[in-house]
Amino acid sequence: MKRRNVLAALAILGVTAAATTPAMALENEFHGMFQAQYINSNFNGAATTTFPANAGVGPTYGGDTQYVPFGLPKHVYSANFVEQRARLGYTAKASSDLKLVTQFELDYAYWGDSSYGTHRNHGAAIGADQTNIETKSIYLDANIFKDVNMRLGMMPYNDSFKSIMFDADMAGIAFSSSYNKFTPTIGFFRFNDTGNNKDNVLGHLTNDLFVLDGKYEVNKDLKVGAAYYFFRNNAITTDSNDLTNIDFQQDVKLHTLGLNAEYTAGPLTLNGFGILEVGTVNARATTAYALNAGAKYKVGSGKAHAEFLYVSGDSGTTGHSNAFYAVFNNVGTAEHGYYDNEMVILGRDKNAMTTDNSIIATAGNFGQGQIGGYIGYELPLTDRLTTAANAGFAAVAKDNGAFGKAHKSNYLGTEINAEANYKLLENLTGGVRVAYVFLGDYYKGVALNGETPVNPYDAKIIFKYAF
Amino acid sequence: MKKVLIAVLTAFALSAATAAFAADVKSSEKDECLLASKGCKDQVDSIQQRIRKINTEIKKGKKVYSAEELKKLQQKLKEADEILNNLDKPGR
């Protein structure tokens, strides 16, 4: 073989290898989870919650929301049921700079719910064969320039304030960057466009969010952040403070400014935030605010934590308002949640799936606001067994006669809960969590015939597999 | 030159053949992939394994990785945590 032929042959081999390398870099990632839990409760799946009316959102059981013992017998039958969830995610990575992220969900509200039909969260009756797959997120994640990341499509996105304002899948575009210790984000999200229902013009009867967010690492122990959110809702939706009127024209123009910080000193971590809302919510001039402080402290092999949250409320229904706005105030579409308090009944439960009830289901809490103090301790006993216990104390900030009339007290109740989780296999955990609430005088005499409802409890046995 | 080319091509052919053999289970060994889902040639990491692997690499620090590479690993860890959090996210 002549020298040039040799070079040609090597060149071909080289070209082939070069062409192969980028193709081989395509990475297919599959991830998912499965969770099934047995629930015994006089709260979840029982008459004292919005089951089955679902706060006016739907006539069938598709996720209830709120503790409403008002006018019901003081004792209700306890529920016994099993609910189930699977999530599947596929990510197609063309390179470390470009990927498509997807996630899907298949829920059974409770074993035996229905079969053969078309209904989200159903399909667990005999025979199955239900059309019930939900698309949660489909978005492009691309580093389009050096240090500039773009996310485009239906993506999970949450606020920088422990998710008390929004935490949901939402369609939009967000750019984020990283300049040394500064991380700015700018984004736009369209929650809803109802033009098609009204006058067949898209883009004006909309519900949108504009985001400006910045985080700065002052040093390795101190991080600070600030965010500006502009909520503009001109849509015909259900996100009103008025739960009973879900089909009227919204009018929300709200400027929101928040500051957050996190400081670490040895075993102690302190964090917190402050939020100020100024603008108009449903034709009411609104000035509302929220304050939070949190602490975590390593004690022995465990970790203690404490949380405090104040959200302003309003006692009136007209004139200037201090009622806090979040996405959204309707409990049926509460796309936010404060989970750092580790509550099961008093606040939203971290293990809740389709059945998702709380005493405080939204940050605004029907315009009443909230004041809560929470403490807890996590203790890993072995490599496989972890335990935790929590207590919470909560009240409404202002009594506005929600659910019918003025209440005897602002105090909602005291919760105690405990959990133990055991790692059965590498990715499979079996757990137990129980919770009990001593109801406050807010609920005094609100049951049928002026009686006081019995205290709610909830017990779960949970199996969770993630991969 | 001809000898060099033959040597290069032979080496290439042999390496390819070796790789092909490596994929098969020898007649005297158990097929652990069939038996216990271990050592399968198309095996991929679970999200927990991925997080563990990234953490292990980050711990190697500047002795092994450059500052830029460590930043990339941190970013990958953030992405993996995000995936796990989204899978685990509570609510309706």
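**Terms and their grounds**

Author: Strand β8 (residues 206-219) of chain A and strand β9 (residues 222-233) of chain A run antiparallel and are joined by 12 bridges. The model is predicted: local features need pLDDT of at least 70, side-chain atom pairs count only at pLDDT 80 or more, and totals for chains, interfaces and linings use all residues. Residues are numbered from 1 along each chain as its sequence is written, while chains are lettered from A and ligands numbered from 1 in the order in which they are written.

Reader: What makes β8(A) and β9(A) a pair?
Author: Two strands pair if DSSP finds at least two bridges between them. β8(A) and β9(A) have 12 bridges, so they count as paired. One of the bridges has F210(A) with F230(A) in β9(A) as its partner. The two strands form a hairpin, with two residues between them.

Reader: Which strand is joined to β9(A) by 12 bridges and runs antiparallel to β9(A)?
Author: That is strand β10 (residues 252-265) of chain A. Here G225(A) stands opposite N260(A) in β10(A).

Reader: How many helices and strands are there in chain A?
Author: Chain A has two helices and 18 strands. Helices (H or I, at least four residues) and strands (E, at least two) are DSSP runs, numbered from the N terminus. Chain B, by contrast, has four helices and zero strands.

Reader: What share of each chain counts as buried?
Author: In chain A, 38% of the 467 residues count as buried; in chain B, 7% of the 92 residues do.

Reader: Why is α3(B) called roughly antiparallel to α4(B)?
Author: The axes of helix α3 (residues 47-60) of chain B and helix α4 (residues 67-88) of chain B come within 10 Å and cross at roughly 155°. Angles over 145 degrees count as roughly antiparallel (under 35 roughly parallel, 65 to 115 roughly perpendicular, the rest oblique). Therefore α3(B) is roughly antiparallel to α4(B).

Reader: Which residues of α3(B) meet residues of α4(B)?
Author: Among them are I47(B), I51(B) and I54(B) in α3(B), while those in α4(B) include L70(B), L73(B) and L77(B). Residues are in contact if their C-beta atoms, placed from the backbone, lie within 7 Å.

Terms used. Buried ≥ 20, exposed ≤ 12 C-beta atoms within 10 Å, placed from the backbone. Axes fitted to C-alpha atoms, helices over the stretch in contact; angles between N-to-C directions. Contact = placed C-beta atoms within 7 Å.
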